[in-house]
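Student: Could you take me through a few local features of this model, giving the general idea before each case?

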Amino acid sequence: MKYSLGFILALSLAGLQFVAILIVVSTSYVSSERAMLEHARGLMDEAGANAAEHTKQFLEPATEITEQARRILNEGLVSTMEPGVMEQYFFQLLRTETQLAGIYYGDEDGNFIYVMNSDGPGPYRTKFIAVEDGQRSTEYIWRDDEFAIVERRFDSSDTFDARGRPWYIEARQLGSRIWTDPYIFFSSQQPGITVAASIQGSEDAPDGVVGIDLDIADISLFLSDLTIGDSGAAFILSDDGRVIAHPDPARISTQNEDGTIGFIGVNDFSDPIVRAAFAGFDSSVSAPNQSVRDEFEFAGDKFMTLLLPIPDIDLPWNIAVFVPENDFIHGIRDNLFRNIWIAAIISIATAVAGLILAELILKPVRAFAVRTSLVSQGEVSTNDPLPRTYKELSAANATLIDEIAQRRRLDGKLQKLNRELSHVTRVNMMGQMATGLAHELSQPLTAISQNLDTALSIAKMDTAPNKELVAILSELDEQAHQGGDIIRALRSYMRKDIGQAQPFDFKELVEQTQRLLRQELEGGDVTIDTQIPDLRLAFGNRVQIAQVLINLLRNAIDAIVMAESTTREVSIIAVQLDHMIEIRVHDSGPGVDAEMTLFKEFKTSKPDGLGLGLSISRTIVETGGGNLWYDAPTHQFRFTIPSEAP
């Protein structure tokens with residue numbers, strides 16, 4: 001059986017194409033699998049480093065506050081003989097650092113004061129144990145956020161004695177700061193840890209011990225938000241193989257033989273994958289300063305593990321990470337088989353199309369050959385019209401040119417998309433930098449706030465307080481707390497936390513916002529005119545609404561300065577509606593260009609802008625139940641926030 005040249009050529013090209021696609025797909029699969037596994041290891045390293053850094057940052061404030069409290073109590077800046085002053089000082093520390101569960105002090109006579117977070121009837125609870133002339137009394141006081149008393153009661157049945165607690169005994173014996181082993185808090189049944197330090201008396205003898213409780217369940221909450229593949233996880237192990245923190249904190253507690261609640265060992269953990277990954281952990285730790293990688297199989301699946309010690313802390317804790325390989329490579333495996341089938345279908349389609357194309361190409365060639373033979377035989381005149389060949393080739397050429405033009409347009413769109421993706425990547429990196437900056441700023445702000453509180457307390461303790469000094473310190477303390485609120489709002493926003501909505505005075509918020517923008521207003525010679533009547537209390541996240549207002553005011557200031565307007569004024573108008581407050585921001589600038597697309601990411605008229613401010617502001621307002629829009633006829637930006645019912 002003889003085959004035509006077109007048939008052989010079409011099948012050969014289809015076969016070569018199929019083989020070439022198989023080679024490319026197989027090579028791509030091998031390289032992609034290797035790259036994805038390397039990427040997975042990189043994600044594990046990053047997740048482990050993030051968990052270690054978060055744990056370190058979680059513990060560091062407690063260490064610093066303990067040292068500060070020991071220094072202040074040792075130097076007599078806060079007297080241990082005045083429980084009320086000590087309670088107020090502990091209250092300020094607990095209010096500043098929200099991850100602290102409680103702060104307490106016990107002395108050699110059995111006196112004890114403990115300020116802690118409470119679920120009610122007030123957000124803070126103080127426990128006083130006083131021993132005088134052999135008589136013991138125990139008093140509980142619940143306070144609100146402003147240190148006002150909510151409720152108080154006495155408990156004659158309480159027998160607690162701090163002098164018998166392990167943290168007191170160990171800190172007193174060593175005479176230095178100590179960390180206890182993790183344990184389950186009795187009252188909340190949550191995992192916790194205590195840092196304590198001894199207080200020296202006048203004769204260099206121990207006078208008492210100050211301690212801080214940390215609720216390490218917050219670390220488990222962070223681990224639950226940590227994404228490692230589809231089903232990977234990270235948790236914290238102590239050197240003796242106990243699970244200290246886990247994405248599911250309910251699984252880490254167990255009942256000891258003596259009836260107490262403790263931390264479960266990794267060999268007894270309920271997750272079989274965790275047991276398979278880190279079985280015999282307590283005997284495998286031999287390199288405390290190095291990370292350890294490993295691989296294992298479970299139920300036919302391959303897993304990768306990482307064991308990373310937490311550096312620069314006084315606790316023998318390790319970050320343990322495991323992730324299935326299939327979380328990262330199952331997609332490219334599916335693509336391999338899918339691409340093989342696609343290659344086969346494409347090759348068959350190519351063969352059929354090749355046969356048809358070969359026939360179309362050879363048809364005019366055969367027509368030319370027949371015509372040449374007939375002309376040579378004299379049966380056809382050379383003046384007869386040519387076969388329809390050149391028009392067909394011209395049409396094919398035009399089609400090819402059109403396809404090339406379409407491909408170029410597609411390449412242009414892909415390049416534009418790539419630029420936008422690169423922009424998004426840079427913005428994400430800036431978000432990570434903002435998170436790091438927020439953490440770094442929180443430390444000095446915390447120190448500033450604590451020192452200001454201490455200075456303010458000392459200034460007020462004077463028999464004739466300097467009112468001007470007290471006013472200056474109060475304003476500095478207010479600004480420090482405002483900065484701390486903004487930092488916490490930024491960190492909450494990066495963790496996708498919408499924050500807590502509370503009633504607040506919008507007029508007071510506008511006044512504080514003006515103070516924050518004082519430098520920018522004076523630099524641009526811009527004034528603000530406020531028309532705010534008496535309003536019902538607004539309801540929402542106060543710090544986030546402040547960020548929206550600051551963003552709109554900064555946009556207005558920039559518009560006035562860039563346009564070099566003669567009149568430099570921004571007006572803020574508030575109107576009370578039925579259940580909402582409507583805020584209108586208007587400036588004397590040139591207004592918004594009609595062709596400008598507002599509230600869309602990366603769209604901005606500023607040469608150095610990111611185009612994210614209005615988009616983020618609309619998201620904040622809408623999340624709080626309001627709306628943000630631009631009223632073109634009046635050249636005003638308007639937004640609404642809920643208010644209390646009339």
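Student: In which helix is D453 found, and which residues is D453 in contact with, leaving aside its neighbours within four places in sequence?

Tutor: In this predicted model, D453 belongs to helix α7, which covers residues 390–461. Once neighbours within four places in sequence are set aside, D453 is in contact with Q92, T96, D477 and H481. D453 is buried and yet has no salt bridge, since the nearest side chain of opposite charge, that of R95, is 7.5 Å away, and a salt bridge requires a distance within 4 Å.

Student: Which residues of helix α9 are buried, and why do they line one face of the helix?

Tutor: An α-helix has 3.6 residues a turn, so residues three or four places apart point the same way. In α9, residues 506–516, the buried residues are F506, L509, V510, Q512 and T513. Seen down the axis of α9, these buried residues fall within an arc of 165 degrees, so they line one face of the helix. At the start of α9, a side-chain oxygen of D505 comes within 3.0 Å of the backbone nitrogen of K507.

Student: How should I read backbone angles, and where is E564 placed?

Tutor: Most residues other than glycine have a negative phi, and most peptide bonds are trans. E564, although not a glycine, has a positive phi of about 50 degrees; E564 is placed in the loop between α11 (542–563) and β20 (569–576), and counts as exposed because its relative accessibility is 64%.

Student: What is the peptide bond from G120 to P121, cis or trans?

Tutor: The bond from G120 to P121 is cis, with omega near 0 degrees, and P121 is found in the loop between β2 (112–117) and β3 (124–132).

Terms used
Residues are numbered from 1 along each chain as its sequence is written. This is a predicted model: local features need pLDDT of at least 70, side-chain atom pairs count only at pLDDT 80 or more; totals for chains, interfaces and linings use all residues. Side-chain values use heavy atoms; hydrogens and water are left out. Buried means under 20% relative accessible area, exposed over 50%, partly exposed in between (1.4 Å probe, protein chains only). Helices (H or I, at least four residues) and strands (E, at least two) are DSSP runs, numbered from the N terminus. The arc is that of the directions from the helix axis to the C-beta atoms. A polar contact is a pair of N or O atoms within 3.5 Å; within protein, one must be able to donate a hydrogen and the other to accept it, and residues adjacent in sequence count only if both atoms are side-chain atoms. Lys and Arg count as positive and Asp and Glu as negative; His and the chain ends are not counted. Contact means heavy atoms within 4.5 Å.
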